[in-house]
Amino acid sequence: MNRRGLFEEDESYYDDDEDATNSGPTPSKPAENDSDEEDPLDAYMNGIEKSAKEAKEEVLRKEQSDKVEVDGGGRGRGDIDEEDAQESYFRYFEENRERLEAVAAGEELDDDGYLVGTKKEIAPLPTVNHKEINYVPRTMLKVDLQYDVQKRLQFSAKVKVDSNINLPSPVDAFDQLPFNEETLKLLQIQDIAFCTPVQAQGIPIILSNKDLIAISQTGSGKTLAFVLPMLEHVKAQEPLLNIDGGPIGLVVAPTRELATQLFKTALPFCEALELTIALAIGGENLYSQKCALALRPHIVVCTPGRLMEHIEKENTDMKRTTFLVFDEADVCFQMGMQEQINSIVNFCRPDRQTVMFSATFAGATEKFARRALTNPVKITVDAAKVPDNIKQRFLVLNESEKMEFFRDRLEPMAREGKVIIFVNKIEKVKQVVEFLRSITKIEIGELHGNMHQYDRTTSLQKFRDNVDVLVTTNVGSRGLDIVQVQHVVNYDAAGNVDTHIHRIGRTGRASESGTATTLLTKADNLFVKALLPSLKSDPEALRVFEEGIPSLKADIERIKSTLRKADPVLSRLTGPPPPSMPSSSRPSLPPQSAAYKNTTTTNNKYQKWGFVKASEELHQPQQYGVIYPPPPPPASGSYYPPPPPPPSGDSAPPAQKKSRWG
Ligand SMILES: Nc1ncnc2c1ncn2[C@@H]1O[C@H](COP(=O)(O)OP(=O)(O)OP(=O)(O)O)[C@@H](O)[C@H]1O
């Protein structure tokens with residue numbers, strides 16, 4: 001049976017619907033309004049991103065129209081390209097009025113922005129008059145933290161802190177934090193000694209009892225940055241009694257898979273500290289969760305809809321909840337989930353400590369989320385930036401050519417490590433899986449919101465264990481931490497830049513290297529336009545866009561001329577492509593193992609976070625999988641190392657699996 005008919009909380013809003021719930025028209029969002037008054041339009045639009053589908057349809061429509069020239073030379077694209085941010089904003093609003101009204105009315109959209117039904121109503125939680133409740137007082141942590149200005153200055157290049165108040169200084173290593181022996185031992189077992197930047201500054205701030213917004217790149221260790229101080233907070237509180245409501249720590253995540261992962265990360269630390277933890281997510285047995293909640297766990301990790309259901313059924317309450325975490329907070333506060341989250345926030349006692357983490361946080365969403373915080377400190381580490389250890393590649397193809405991309409490439413990729421392929425629609429998952437199964441014997445896994453929860457969990461577990469290829473919708477785009485993922489392929493371009501960043505962040509975990517390949521069509525021009533600013537120092541990408549998407553020529557030329565003015569050396573890099581060579585004189589491509597090889601030269605992950613001596617900073621990881629000199633671009637105007645010859649018989653190279661830490 002189609003799961004859409006059996007709506008269960010979080011997947012209706014998010015599983016595969018992420019694009020539909022994201023904010024605003026990506027390519028040309030209007031400038032953020034600093035005023036505290038929220039613009040009603042802003043509020044209405046908040047959380048809705050222009051979907052890739054709409055962009056494609058728009059371009060296809062215009063391409064087909066006699067009046068429009070796609071190369072930007074005529075009235076059609078040329079006009080749109082010149083549209084300013086505000087015009088684009090209002091145009092988007094007008095063009096999508098029906099859809100936006102439907103979202104506002106609580107109807108469910110699929111991952112491509114189409115209406116698929118009406119959401120099951122999750123009744124808001126009752127309004128609580130907190131003044132009337134005699135809460136067990138929150139105990140403030142009193143831990144010995146350093147307030148060293150020099151140290152903060154030293155870190156200021158790595159971590160931007162938007163607060164002038166007296167903040168504890170960052171630390172380099174976990175043993176400089178007031179964690180107990182058991183926690184430190186567990187970290188040691190996991191080979192974790194030095195803090196990532198978000199941990200270095202985030203943990204001391206949380207330990208100083210402050211609310212926090214932390215924005216840091218994908219794979220940069222945000223989970224431990226909130227889990228470890230949360231445990232300290234929980235330990236410091238009055239013991240939970242049966243009559244008390246629990247839990248003390250509440251972690252809210254937008255997808256079941258992410259919540260499960262957070263639960264698993266926290267579990268060993270809880271065990272070591274003799275704290276109890278429960279998982280309450282949609283799609284799983286309500287009764288067994290009720291039993292777990294009846295045991296009054298110290299910590300609950302949940303998806304919002306299921307938590308509300310438990311509160312409604314009085315299986316738990318939030319009277320003791322003094323530590324509230326939102327992971328992937330930008331999704332939590334976007335339209336579609338906003339109301340549920342508001343309801344939870346208002347239900348929680350106001351004297352709690354609240355922390356929010358994400359790799360991206362669009363301004364309008366953050367403004368909204370701040371209402372759940374009290375005088376928060378905001379720290380930013382390379383926000384919305386693709387980590388340097390992820391090599392991005394782009395190809396411009398016709399839609400009909402996309403499947404063929406995998407024919408000779410999938411197996412070499414899978415020999416390198418695990419591969420995640422993202423598509424925008426559930427039915428596309430099935431088509432791609434079917435095609436891949438027809439061309440390879442490699443086991444292909446699938447994940448999307450129309451699967452039963454049991455199948456979702458099994459599929460993801462198999463992918464973690466021994467399946468090498470997973471085809472998924474955006475349900476797999478946020479937070480999943482599978483270190484062996486070496487390749488991400490965006491079969492369909494994401495609906496917006498934030499989703500793109502989260503998707504490709506499934507590789508390059510914990511500073512491992514990885515490659516993200518995005519298959520584009522000409523119709524993805526608006527998405528690419530939005531991506532351009534982040535790729536201006538990637539001449540290969542610019543060249544691919546310029547050759548493959550003529551409508552972007554003017555935009556790319558503008559970027560190049562700015563670069564040329566700024567840096568004459570760079571101008572050489574962004575100059576015209578080298579003349580193509582006759583095929584006979586092309587340099588022969590290196591064999592597969594060299595072409596795809598992970599060339600990261602260090603396996604000391606502590607150095608990778610940047611806590612290295614000056615001399616070691618020169619020891620940069622080499623670029624991943626780059627062939628030099630680059631082969632001439634193929635006819636489609638794309639670049640990518642052509643597939644190596646398939647290994648045959650005894651000469652086949654041994655399978656290259658990556659160990660967890662390289
Ligand atoms: N200090 C550290 N040193 C080495 N590895 C670490 C450290 N902290 C976390 N890790 C590892 O880094 C990986 C990524 O961590 P995590 O999942 O918390 O990233 P994240 O920032 O939440 O990513 P995303 O934004 O994609 O959710 C995990 O495998 C984790 O064990």
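**Figure 1. The side chains of glutamate 540 and arginine 543 form a salt bridge, 3.3 Å from N to O.** A salt bridge here is a side-chain nitrogen of Lys or Arg within 4 Å of a carboxyl oxygen of Asp or Glu. The two residues sit three residues apart in helix 24 (residues 539–548), which is about one turn of the helix. Helices (H or I, at least four residues) and strands (E, at least two) are DSSP runs, numbered from the N terminus. Glutamate 540 is partly exposed, at 22% relative accessibility, and arginine 543 is buried, at 14%. Buried means under 20% relative accessible area, exposed over 50%, and partly exposed in between (1.4 Å probe, protein chains only). This is a predicted model, in which local features need pLDDT of at least 70 and side-chain atom pairs count only at pLDDT 80 or more, while totals for chains, interfaces and linings use all residues. Residues are numbered from 1 along each chain as its sequence is written, and side-chain values use heavy atoms, with hydrogens and water left out.

Figure 2. Glutamate 366 belongs to helix 17 (residues 363–369) and is buried, with a relative accessible area of 8%. Its side chain meets that of arginine 370 in a salt bridge of 3.0 Å, N to O. Arginine 370 is partly exposed, at 28% relative accessibility. The side chains of glutamate 366 and lysine 378 are also joined by a polar contact of 2.9 Å. A polar contact is a pair of N or O atoms within 3.5 Å; within protein, one must be able to donate a hydrogen and the other to accept it, and residues adjacent in sequence count only if both atoms are side-chain atoms.

**Figure 3. Lysine 235 and glutamate 232 meet through their side chains in a salt bridge of 3.6 Å, N to O.** About one helical turn separates lysine 235 from glutamate 232, because they are three residues apart in helix 11 (residues 222–236). Lysine 235 is partly exposed, at 35% relative accessibility, whereas glutamate 232 is buried, at 8%. In the whole structure, a search finds 22 salt bridges.

**Figure 4. The ligand has 23 residues around it, and Phe194, Lys222, Thr223, Asp481 and Arg509 come nearest.** A residue is near a molecule if one of its heavy atoms lies within 4 Å of it. The shell contains seven nonpolar, nine polar and seven charged residues. At least three residues of the shell come from each of domain 2 (140–381) and domain 3 (390–574). A polar backbone atom of phenylalanine 194 is 2.7 Å from a nitrogen atom of the ligand. A polar backbone atom of serine 220 is 3.0 Å from an oxygen atom of the ligand. For glutamate 328, a polar side-chain atom lies 3.4 Å from an oxygen atom of the ligand. The ligand taken alone exposes 640 Å², and the protein buries 96% of that. Accessible areas come from the Shrake-Rupley method with a 1.4 Å probe; for residues, only the protein chains shown count as cover.

**Figure 5. Asparagine 209 has a positive phi, near 70°, and is not a glycine.** Most residues other than glycine have a negative phi. Asparagine 209 lies in the loop between helix 10 (197–207) and strand 4 (212–216). Asparagine 209 is buried, with a relative accessible area of 17%.

Note on methods
Ala, Val, Leu, Ile, Met, Phe, Trp, Tyr, Cys and Pro count as nonpolar, Asp, Glu, Lys and Arg as charged, and the others, Gly among them, as polar. Domain bounds come from an automatic or database domain assignment.
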